[in-house]
Amino acid sequence: MNVTKAGAKGSQLPSEDSTRKDNAEHEGYAGVHNPVRITENNNTNADESEKGLLEKIVSRDNLNKAFRKVKANKGSHGTDGMKVDELLQYLKEHGAALRQSILDGKYRPNPVRRVEIPKDNGKIRNLGIPNVVDRVIQQAISQILTPVYEKQFSENSFGFRPRRSAHDAIRKSQDNIAEGYKYVVDMDLEKYFDTVNQSKLIEVLSRTIKDGRVISLIHKYLRAGVVVKHRFEETEVGVPQGGNLSPILSNIMLNELDKELENRGHHFVRYADDMLIFCKSKKSAERTLENILPFIEKKLFLKVNRDKTVVDEAWRVKFLGFSFYQRKSEVRIRIHPKSATKMKAKVKELTSRSNGMGNVDRADKLRRYIMGWVNYFKIADIKKLLQTTDEWMRRRIRMNYWKQWKRVKTRFKMLQSFGIHEQKAWEYANTRKSYWRTSNSPILSKSLDNNTIKGLGFLFFSDYYRQATA
């Protein structure tokens, strides 16, 4: 197959007749079914159309719903450079041919565009951005598969599922601890999305999906490849993180682990590839970890990061940014110290004197960050943290204004405009104290008081927290 060069539009309807070298089975997963055989055996023959699942996927209503979802999510372009705004016109012109090529089994997905996202620990998360047309098709597949698999998924799984959230996962964890399960196995699956064994995933999919054409189409997406700096690379393992299909495929794979844990009678909570297994003693938790590792590594062919997978008291672990503590006999939710540190680092970045932002832009970015942060962490006990953060943030905002007023005449004029007496205004306008020290002075606290800062468009954590929890 000729790879579409980044930035060059077109080639949205690649056919099955295009030549591409078959990928060899990954050496590290010896003994797993061959992926080609899986998609061509009697159980999932590509010509089989039991229950007409593919027709449901490419139906007009489902594709229109998928288009609206992709358009609402916006997002960046793929390897062909087509933007979401150009999608509607393309589908009007080529939608019928696109649908028919999928039904005929001739559609060939385009490679994804590699984007590297820095992680908090200094490492890189690889995202794969599909072309917008492939995004619509992936979304259409996901919409049909979701109700099928929701019936199978565990009540202890919360990530990427309708009407379930990280908050639900945290509250379920809180309940487990309150019931006496105060030790946990904090499981870390190493580079989960990058290491999923595609053969095993196809095998699991084939147990439920009996329309072989759908299996074949999903398999093509898994093997579509990736473009890294204009160079094509094959994808023999993994599920591209960033595509519309990856959330449900990851849940389908890890549902195998969920069912195994349930069969063994364990209490656990899973959100995507983040998992806690709850036990009543440290020895029980250590034994649980030892016994579940062979299933994960030898049955599911996933990698466990042994350095980050730990057995510890529930109070000491970080889960989805939260942690837990006990007040008298009650188990409470708090923000993990690392999450608080990360938040303060972001506020410091947004209120830096040297980031080149104007006051309007700064207030807008702070507002959006505060609203998102509070909406996520509002279930934790964070009132005191927000109060101290607000005081510190207001001081940094005052420092920025003081720096911008820079000249003595400007400072004198602005202090007077905010109601400071002429003599005091002149005295402070001529101060030689540092920006940070001056920002804590009574004069700035009076001139740029809390209400004045609000009037300048800034939002405080505590104010929005009261609004979000009302």
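This passage describes the overall make-up of a predicted protein model and then the surroundings of one of its helices, α13.

The protein has 470 residues, of which 48% count as buried. Its secondary structure comprises 20 helices and 10 strands. Among contacts with a separation of 6 or more, 74% are accounted for by residues 24 or more positions apart. The accessible surface of the protein is about 24,300 Å², and carbon and sulfur atoms contribute 46% of this area.

Helix α13 spans residues 359-377. With 19 residues, α13 reaches 26 Å from its first C-alpha to its last, a value close to the 27 Å expected at 1.5 Å a residue. The buried residues of α13 are Arg362, Ala363, Leu366, Ile370, Trp373, Val374 and Phe377. These residues lie on the same side of α13, because the arc that they cover around the axis is only 110°. On the other side of the helix, Val360 and Arg368 are exposed. The cover over the buried residues of α13 includes strands β9 and β10 (330-335), together with helices α12 (337-350), α14 (383-405) and α20 (461-468).

When residues up to four places away in sequence are not counted, Val374 touches Phe461, Tyr464, Tyr465 and Ala468. Val374 and Arg466 are separated by 92 residues in sequence, while their C-alpha atoms are 9.9 Å apart in space.

Aromatic residues were examined next. A pair of aromatic rings is described by the distance of the centres and the angle of the planes. The structure holds 11 aromatic pairs. One of them is formed by Phe322 and Phe377, whose ring centres are 5.0 Å apart; the pair is classed as tilted because the planes stand at 50°, and this angle falls between the limits of 30 and 60 degrees. The pair links distant parts of the chain, since Phe322 belongs to strand β9 (residues 322-327) and Phe377 to helix α13, 55 residues apart. Both partners are buried: Phe322 has a relative accessibility of 0%, and Phe377 has one of 8%. Ring pairs also join Phe322 and Phe377 with Trp373, Tyr376 and Phe461 into a cluster.

Arg394 lies over the face of Phe460, at 4.7 Å from the ring centre. Arg395 lies over the face of Trp436, where the distance to the ring centre is 3.8 Å.

A further buried position was examined in another helix. Ser142 is located in helix α5, which comprises residues 132-150. The relative accessibility of Ser142 is 11%, so this residue counts as buried. Apart from neighbours within four places in sequence, Ser142 is in contact with Asn244, Leu245 and Ile248.

Note on methods
Residues are numbered from 1 along each chain as its sequence is written. This is a predicted model: local features need pLDDT of at least 70, side-chain atom pairs count only at pLDDT 80 or more; totals for chains, interfaces and linings use all residues. Side-chain values use heavy atoms; hydrogens and water are left out. Rings of Phe, Tyr and Trp (its six-membered ring) pair if their centres lie within 6.5 Å; planes under 30 degrees apart count as stacked, over 60 as edge-to-face and the rest as tilted. Helices (H or I, at least four residues) and strands (E, at least two) are DSSP runs, numbered from the N terminus. Buried means under 20% relative accessible area, exposed over 50%, partly exposed in between (1.4 Å probe, protein chains only). A charge sits over a ring if NZ of Lys or CZ of Arg is within 6 Å of the ring centre and within 35 degrees of the ring normal. The expected span of a helix is 1.5 Å times one less than its number of residues. The arc is that of the directions from the helix axis to the C-beta atoms. Contact means heavy atoms within 4.5 Å. Accessible areas come from the Shrake-Rupley method with a 1.4 Å probe; for residues, only the protein chains shown count as cover.
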